[in-house]
Amino acid sequence: MDNYYLLLFLLFPIIYFLIKKKQNNSGSISQKNTDEREEHFFIKNERMPIDTVGSKEILLAEVAEVAEVAEVAEVAEVAEVAEVAEVAEVAEVAEVAEVAEVAEVAEVAEVAEVAEVAEVAEVAEVAEVAEVAEVAEVAEVAEVAEVAEVAEVAEVAEVAEVAEVAEVAEVAEVAEVAEVAEVAEVAEVAEVAEVAEVAEVAEVAEVAEVAEVAEVAEVAEVAEVAEVARFIKAYEIPEKELVTVDLIQERLGRELTVAEFLAMSYDDFLQIRGLGKTKLVHIEVLRALFLQASPALRAGHIVEEYVPHETDGLVISKLALPHQYKAICNLLVGHFGESVTVGDIRQLDANALKAIPMLGKKKVTLISEMIAYVDEKMLNEFSGQSLGEAAPSHLLFSHNEDIDLSVLQEILIQDLASFFSALSERDQFITSGRLGYLSAEKTLQEIGDTLPSGKITRERVRQLQQRIERNWHAHMRISPTTLWVNVKSNLSLLRAELFTELQSRFSSKKGFYEFLEMSCNLSSGGLTKIVYPEISPTILDDFWAINASPAELETITLYLQDRLGIEKAVAENAISHLDGKKVELLGEMVIPINLSKPLALANTLLDYPKGLAWNILHKKVNEKAISRARLPEERIDGSISAAVDNGWAYQIDRGAYRHLNFLQLTEDEIEQTLQNVREVLVEEAELGRNSLNLSIDYYQKGQSNALDYFTVRHIVRAFGERQGIFFNGKSGTDTISIEQDFSLASQENVLVALFAASNRPLDKKFIASKIRSQSLGHAGYYLDKLLLKGTIVRVDEADYQLTEYAFAGLDVEAIIHKAAEIIESESRAIEVERIQRHINNAFDFNYNKYLYMSLLKSCAADFGFKWHFVYNLVCKTEFAYESLSDMCRQLLSGNESYEDAIAIINQHCLIDPGRVRNMIKQIIQNEKAHE
């Protein structure tokens, strides 16, 4: 050790001389550094204490190399460094832990922030660093005589200024050594032969320009560097495609690189003025050319070996993914189709993925991240189940499902806030102004005139707004389709406001509705279909003809849902707009007003199961105040006959009437009565009498006394035509006659011809007007026959259409398989409204349940399904009950609460609770009527 002290003693004057000379050459040091040096150094040759982080002193004989330093400026005249004895453990330069036997160090100005230099163990003899350009390869450095020039260390984690090095003479500023990770043991840096990876440079993904790289010995993977960075014109491009390239670059006002070209989508190209869809063929040729010429885009394996996963069956296009995966998801769906699944993508390797246009190495990595995201999330399947305690960020929503409104609102608020904050100042101004989000609403003109960045036209504002809307869709975690399903199901004027917290961020309800339209991807005014649906003012006439008033709001809502194929919220809004015109709303009850006189008579008769005389009936109608015209109480009004002709009422005595709902007849009773009447007519016809009086010539002769006369009269009047019997009740004569050559088949052919001549559905009233008797009962009979044969199908509450017309334009196979998703998964019977909702949501249809029931009955067998149908119920196995009412009668005692009754029925049938309540009420009313 004595030799080392002797050597240091001899070298110290030289070192001190060099430092002073360097100070003179380099000029004055900043006042801050001077002050700091005055605090830490003594004058002249007195010993200088070292203010370091460690507790021991450092003696560095010669350090000619500074490993990763930004700029080392002119280190000269370093003479013969013999040996650096022991630098024991330099743990992290920024915290020097233990240094053994350190004698005297000239000046240590600042070691500012050496962030992470992980374990440097022993540094021995460093000789010469000739020129370090950008850390390429340090080869054979032995016995440093002179450190001539350290030119430029380009990007070594930001080392700012190292001023003077002479035995670690002066380290001026080591600013930020960011991350030099894991340099384990540098034993003798006599030969740093190959520095292949500095701080683990495993993959340099996209290096656009590599300028002045002196000698980069071994860079592991440089994926998309030279070819992608080259401009398009560097390639040999066919003449036609070259014209397209010139057009694109001319419109964009600059030359494109291959990377920029491949990153553009079809939509991006089509937005270029003068570039039509026919040019997309040229675009595809160019993409293939660039990909073929750029092997870096096709090399490598990123996707690991396929391992099956429970999420493999999920259809990618039906997952509402976070915005960072939206673009890549759309690219995959556009290439593989709407039905591509997570499993399909999982099985592809990197080469197969990179063969997809516009899909490079970074996007392959993004696909892997997207699949990992899907695997980690909980999928909220179609079932309407509660989301429980799960946070919105931990859920993966599929398209077309019901989502808890509070969860949906939270997601929209978060997404809108993050999207808005990411917009430029100009786009924020446009978005706020158009929607009134966090500010007052403005017109396009007002926005264009007051834009902070400069005045623009209203048309330019509109174009920018459209771009912002597209970006918003890409940012949303909930897909527009999913949002639309939930909005149209809940945006009711009769219920609580939708998304109240979100709505409070908008200056007006109009702006809030426009935001919902934008988010649901609807055209302007799209929400009007929900809030202000267009329906006929007479839409409820058929309802009031067979349902007593007042009626519950829920009952009428279900009626409109079934008939029009609309959501509950839309039906409630429709009722709201009829308030004061055709109905009055009293809480949850609805009262009809302004009914026609026949309809008012029929509705009033529903309150009296045993019927009323005409004068009392008139008085009761006037008391209910449901008719738009007052009925006379001193004489019978002709509107009673109209009620009878419409099939709403029937005569029970001279001048007395009863509602048909309370007439319970079996098919056997009808057929037997008609057969008896026909026999009498045939006998009398042989005697030359072609017409008879029903009362005198038939009933009073005791031909059939099982039913009262007015019941027989109604049977003949309503159903006689099926046996060729015709009734004429004018002037109270009740005349009956028979047409001997009457043919039911010929009458059916007439009706089929009517349906074939019309591409629109026909209702029962129209059919009745075309038959001889003009009876609704007869019309119903013929319709039942044609339905049974499959010639026509029911497409609405009272409308029918030729089968081939009714399903024209529908993807029958897709609808059948969508229905099978529910039917085949259920052991219970299913009320067809549940199937209707499932299909409508999936395909954004608005068809009613009658059409779907007809389609299922007519076409299910063609696709291998053997389903069973009972009225509005469907089941994959045989059903033990004749109808929903039969199920309720057999399963319920009548003493259960509604909640208990619903629970019992739900064990056997998948049905909405409201329909069960309505059925139970109808059963109770019918039982009371027959007591």
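This is a predicted model: local features need pLDDT of at least 70, side-chain atom pairs count only at pLDDT 80 or more; totals for chains, interfaces and linings use all residues.
At what angle do the axes of H26 and helix H28 cross, and within what distance do they come?

1. **H26 and H28.** The axes of H26 and H28 (residues 709-719) cross at roughly 85° and come within 10 Å. An angle of 65 to 115 degrees counts as roughly perpendicular, so H26 is roughly perpendicular to H28. On the H26 side the contact is made by Glu669, Ile670, Thr673, Leu674 and Val677, and H28 brings Val712, Ile715, Val716 and Phe719 to meet them. By residue class, the contact of H26 with H28 divides into 7 nonpolar, 1 polar and 1 charged.

2. Take a look next at the open, antiparallel sheet of 3 strands, ordered E12-E14-E13. Strand E12 (691-693) and strand E13 (725-728) each have a single partner strand and stand at the edges, so one side of each has no neighbour in the sheet. On average, neighbouring strands here are turned by 25° against each other, direction ignored. The pairing of E13 with strand E14 (residues 735-738) is antiparallel and runs over 4 bridges; within it, Phe726 has Ser737 in E14 as its bridge partner. Helix H26 (residues 667-686) packs on this sheet and touches E12, E13 and E14, its direction making about 75° with that of E14.

3. **H23 and H24.** Ala600, Leu601, Asn603, Thr604 and Leu605 in H23 meet Leu617, His618, Lys620, Val621 and Lys624 in H24. The residues of this contact of H23 with H24 divide into 5 nonpolar, 3 polar and 2 charged.

4. **The cores.** The largest nonpolar core has 74 residues, and those with the most contacts inside it are Val487, Phe499, Leu502, Phe515, Leu540, Trp544 and Leu560. Helix H12 (residues 405-422) gives the largest share of this core, 8 residues. Apart from it lies another core of 27 residues, including Leu810, Ile835, Trp867 and Val874.

5. **Trp544 and the E6-E8-E7 sheet.** Beyond its neighbours within four places in sequence, Trp544 is in contact with several residues, among them Ala551, Val583, Val590, Ile591, Pro592, Leu599 and Asn603. An open sheet of 3 strands has the order E6-E8-E7 with antiparallel pairing. Strand E6 (551-552) and strand E7 (583-586) are at its edges with a single partner strand each, so one side of each is left without a neighbour in the sheet. E7 and strand E8 (residues 589-592) run antiparallel and are joined by 4 bridges, with Val583 having Pro592 in E8 as its bridge partner.

6. **Strand E11 and its partners.** Strand E11 (residues 656-659) is covered on both faces: Ala656 and Arg658 are buried on one side, Tyr657 and His659 on the other. Strand E9 (residues 612-613) runs antiparallel to E11 and is joined to it by 2 bridges, Ala613 standing opposite Ala656. Strand E10 (residues 649-653) also pairs with E11 in the antiparallel sense, over 4 bridges, and Ala649 stands opposite His659. The hairpin of E10 and E11 has 2 residues between the strands, and Gly655 there takes a positive phi near 80°.

How values were computed
Residues are numbered from 1 along each chain as its sequence is written. Side-chain values use heavy atoms; hydrogens and water are left out. A nonpolar core is a set of buried Ala, Val, Leu, Ile, Met, Phe, Trp, Tyr and Cys residues joined through side-chain atoms within 4.5 Å. Buried means under 20% relative accessible area, exposed over 50%, partly exposed in between (1.4 Å probe, protein chains only). Contact means heavy atoms within 4.5 Å. Two strands pair if DSSP finds at least two bridges between them. Axes are lines fitted to C-alpha atoms, for helices over the stretch in contact, and angles run from 0 to 180 degrees between N-to-C directions. Ala, Val, Leu, Ile, Met, Phe, Trp, Tyr, Cys and Pro count as nonpolar, Asp, Glu, Lys and Arg as charged, and the others, Gly among them, as polar. Angles under 35 degrees count as roughly parallel, over 145 as roughly antiparallel, 65 to 115 as roughly perpendicular and the rest as oblique.
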